[in-house]
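Please consult the sequence and the model alongside the points below.

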Amino acid sequence: MTQQFYVSPEQLTKDRADFARKGIARGRSVVVLSCRDGIALVAENPSPSLHKVGEIYDRIAFAAVGKYNEFESLRQAGVRYADVRGYSYDREDVTARGLASVYAQSLGAVFTADSKPFEVELAVAEVGPRTDADHLYRLTFDGSIADERRFIVMGGQADAVGDVLTDQWDAEHSFAEAVRTAVDALRHGGGATGAPRTRLSPDTLEVAVLDRDPLTTRGARRAFRRILPTEVGDMLGFGKDGL
């Protein structure tokens, strides 16, 4: 006769949450921060092809930490949702808030119904015509949504990185200044001994921006742009003083 063991719903939920948090904590950090020129997305990512940051729609971007196959499937689902909604209604009807709600439903359903939760944390960013019109949403593995201001930090060293950003973030920063601020915060958050790393190479960083300028001056639809390692190196002063 097989003996069955009872596990309370509270314990089951706690175990799933602990499992997801451990998986996310192994991931390298990602920073999404609003600035004068738009929204900068900076991730520690040595892979040139497995992106942690991507475009969803005209002025909406996506960033994630955790298991690549899981957050990539969510990114693709978000692109399909945005395309269908924009085609069926109007492109202006595709918003970061609507996309975040869809992601929250998906993550919450997996967390409560499946045997294993997604080991991911997501950020959905939408650039506006002004800094105070930017939208930053952070989604956790259980489907919780946080409407953030100024910046989002995700990954295993989020607290340490966030402490640095709290002191250094400035709404009037240009893209280059915002990227330098994010990279400096990542340096302080990634050291194994707690001491800041001496430098982060542009080849180990994935950087993209949501440019505010096309929305306000040229009327262009697409605001997302990837920053090449050579341009990142110029922003960080490589070849000059280093970082």
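Predicted model: local features only at pLDDT ≥ 70, side-chain atom pairs only at ≥ 80, totals over all residues.

**Aromatic rings**

- Tyr-68 and Phe-71 both belong to helix H2, which covers residues 68–88.
- The two residues are separated by about one helical turn, because they are three residues apart in helix H2.
- The structure contains three aromatic pairs.
- In the pair of Tyr-68 and Phe-71, the ring centres are 5.4 Å apart and the planes meet at 80 degrees, so the arrangement is edge-to-face.

**A charge over a ring**

- Arg-85 is placed over the face of Tyr-89, at 5.1 Å from the ring centre.

- Glu-206 is part of strand E9, which spans residues 205–211.
- Glu-206 has a relative accessible area of 6% and therefore counts as buried, the limit being under 20%.
- The side chain of Glu-206 forms a polar contact of 2.9 Å with the side chain of Asn-45.
- A polar atom of the Glu-206 side chain also lies 3.3 Å from the backbone nitrogen of Val-53.
- Leaving aside residues up to four places away in sequence, Glu-206 touches Leu-41, Val-42, Ala-43, Asn-45, His-51, Lys-52, Val-53 and Arg-226.

Terms used: Residues numbered from 1 in each chain as written. Heavy atoms only, no water. Helix = DSSP H or I, 4+ residues; strand = E, 2+ residues; numbered from the N terminus. Buried < 20%, exposed > 50% of the residue type's maximum accessible area, 1.4 Å probe, protein only. Polar contact = N/O pair within 3.5 Å; in protein donor to acceptor, adjacent residues only side chain to side chain. Contact = heavy atoms within 4.5 Å. Phe/Tyr/Trp six-rings, centres within 6.5 Å; stacked < 30°, edge-to-face > 60°. Lys NZ or Arg CZ within 6 Å of the ring centre and 35° of its normal.
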